[in-house]
Amino acid sequence: MSFFDDDEPTRATRPARPRRPAPAAARPRRSAAAPDPQTLRNRQIAALGAGIVVFFLLVLGVKGCLDSRKERALKDYNREVTAIVSSSNEQVSEPFFELLGGATGDATELEQGINEYRVVADQDAQRARSLDAPDEMAPAQQNLELVMNLRAEALRKIADRIGAAKADGEDNRQSAENAVRQIAGQMSAFLASDVVYSQRVAPLIKQALDEAEISGQSIATSQFLPTVAWLNVDQVAGRLGAQRAGGGQGASSAPAPGTHGHGLESTAVGTTTLQPGGSVNRVQAGSNLAFTVKFANQGENDETDVRVFVRVRSPGTKTISVSKTINQTKAGTSITTVVPLTDAPPIGTPSTVEVEVRGVPGEKVLDNNKSTYTVLFTR
C-alpha cells in the first residue's frame with residue numbers, strides 16, 4: 001500500500017478575527033477649519049489688552065509697595081529726629097541751665113554735673129549720625145548732625161572752663177574773667193544750633209513730607225538756649241558767682257560784702273502743707289494745681305533774680321519742671337510765691353516732688369535751699 005494513496009487530511013479553517021478599531025491617537029484627524037481673519041484679529045487684540053492690563057496692575061502694585069515703603073521711611077525718620085531732639089531739650093538743656101543758673105557751689109561738682117549732661121549730648125549726636133536717612137531727608141540730616149555736634153562740643157568746652165571761671169583771689173581775677181567770656185562765647189554755639197534747627201532742619205523735614213503728600217505729622221521744635229541773656233558776660237558771671245576784672249556793681253562784680261543766701265521754710269498745695277521725709281502727702285489734683293513756696297532771705301544783702309524750681313518726678317512719666325523768678329528779696333524777710341504746674345501730675349502713683357530755691361552769688365550754704373516730698377496725687 002502506498003503511503004501516497006490517501007489524501008492528507010484537510011486542516012480545519014479558523015474563522016477570521018474581526019479587526020479592532022485603531023486607537024484614537026492613530027486615527028487620522030480631520031483638519032479643523034481655520035478661523036477667519038477677523039476672529040483671529042479679535043483674539044489677538046483681546047490677548048494684547050489682557051496683557052496690558054496685567055502689566056499695569058503689576059506696575060501699580062510695585063509702585064504702591066514702593067510708595068508705602070517710602071512713606072514709612074519718611075515717617076520713621078521724623079519720629080527718630082523727634083526722639084533725639086526731645087532728649088536734647090529735656091535731658092540736656094533744661095537740667096544744664098538749671099544747674100548753671102544757681103552754680104554758686106563747688107567748681108569740681110559743677111564740672112562733674114556739666115560733664116554728665118555732655119555725655120548725654122554726645123549720645124544724642126551719635127544717635128543723629130547713626131540715622132538711616134532717606135534720600136529726601138539728606139539735607140535735613142546733614143544739618144541735624146551739625147546741631148547736635150555744636151551742642152555737645154559747647155558743653156565740653158564749658159565744663160573745661162568752669163574751674164578757672166570760679167577761681168577766687170586777686171591773682172586769678174583776670175583769668176576768671178577770660179574763662180567767663182569763653183563760657184559766654186559757647187552760649188553762641190547753643191544759639192547757632194537753635195537757628196540751624198529752626199531754619200534748616202525742621203523746614204527741610206516738612207518740605208520732604210509735603211512733597212511726599214504726607215500729612216498729620218508733628219515736627220519737633222528745639223530751643224536749647226533758654227534766653228539770649230546768657231550771651232551776656234555779666235549774666236554768666238552773676239549766675240556762676242564768678243569775679244570780674246573790671247569791677248563795678250551787680251553781676252559784673254564780685255558779690256557784695258556780707259552773707260548771702262536763702263532758706264526754704266515750707267511748701268503747700270492748697271490747704272495741705274507738705275511734710276518732707278518718708279511721709280506720704282495726699283493731694284487732690286484738681287485744675288490749676290499750684291505750689292505755694294515760702295522761703296526767707298537769711299543773708300545780710302538784698303538779692304535779685306531769685307529762681308524757685310518745682311519738679312514732679314514719677315517712674316515711667318515725663319518729669320514736670322516749672323520755675324518762677326522773684327525780682328528781688330529783702331535781707332531778713334520771708335517771701336511767699338505761687339508756682340503753678342504746667343502739666344497734670346500722674347494720678348494714683350507716688351511722685352517725688354523737689355522744691356528748690358536756687359543759690360545766689362556769694363551764697364555759701366545751700367543745704368537748706370531745697371526739700372523733697374513724697375506726694376500721692378488723687379482725683
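Asp-210 is partly exposed, with a relative accessible area of 41%. The model is predicted. Lys-206 is likewise partly exposed, at 44% relative accessible area. The two side chains meet in a salt bridge, 2.7 Å from N to O. Both residues belong to helix 4, which spans residues 173-211. Their spacing of 4 residues corresponds to about one turn of that helix.

Arg-311 lies in strand 5, residues 303-313. The relative accessibility of Arg-311 is 7%. Arg-311 therefore counts as buried, the limit being under 20%. Its side chain makes a polar contact with the side chain of Glu-356, at 3.5 Å. Beyond residues up to four places away in sequence, Arg-311 touches Glu-98, Glu-354, Glu-356 and Arg-358, among others. Further contacts of Arg-311 include Thr-319, Ile-320 and Ser-321. Thr-352 and Val-353 are also touched by Arg-311.

A second pair within a helix is formed by Lys-75 and Glu-71. The closest N and O atoms of this salt bridge are 3.0 Å apart. Lys-75 and Glu-71 are 4 residues apart in helix 1, so about one helical turn separates them. Lys-75 has a relative accessibility of 24% and counts as partly exposed. Glu-71 is also partly exposed, at 34%.

Lys-70 is partly exposed, at 36% relative accessibility. Glu-136, at 34%, is partly exposed as well.

Side chains of opposite charge can pair when their charged atoms come close. With a cut-off of 4 Å between a side-chain nitrogen of Lys or Arg and a carboxyl oxygen of Asp or Glu, the count comes to 17 salt bridges.

Methods: Residues are numbered from 1 along each chain as its sequence is written. This is a predicted model: local features need pLDDT of at least 70, side-chain atom pairs count only at pLDDT 80 or more; totals for chains, interfaces and linings use all residues. Side-chain values use heavy atoms; hydrogens and water are left out. Buried means under 20% relative accessible area, exposed over 50%, partly exposed in between (1.4 Å probe, protein chains only). Helices (H or I, at least four residues) and strands (E, at least two) are DSSP runs, numbered from the N terminus. A polar contact is a pair of N or O atoms within 3.5 Å; within protein, one must be able to donate a hydrogen and the other to accept it, and residues adjacent in sequence count only if both atoms are side-chain atoms. Contact means heavy atoms within 4.5 Å.
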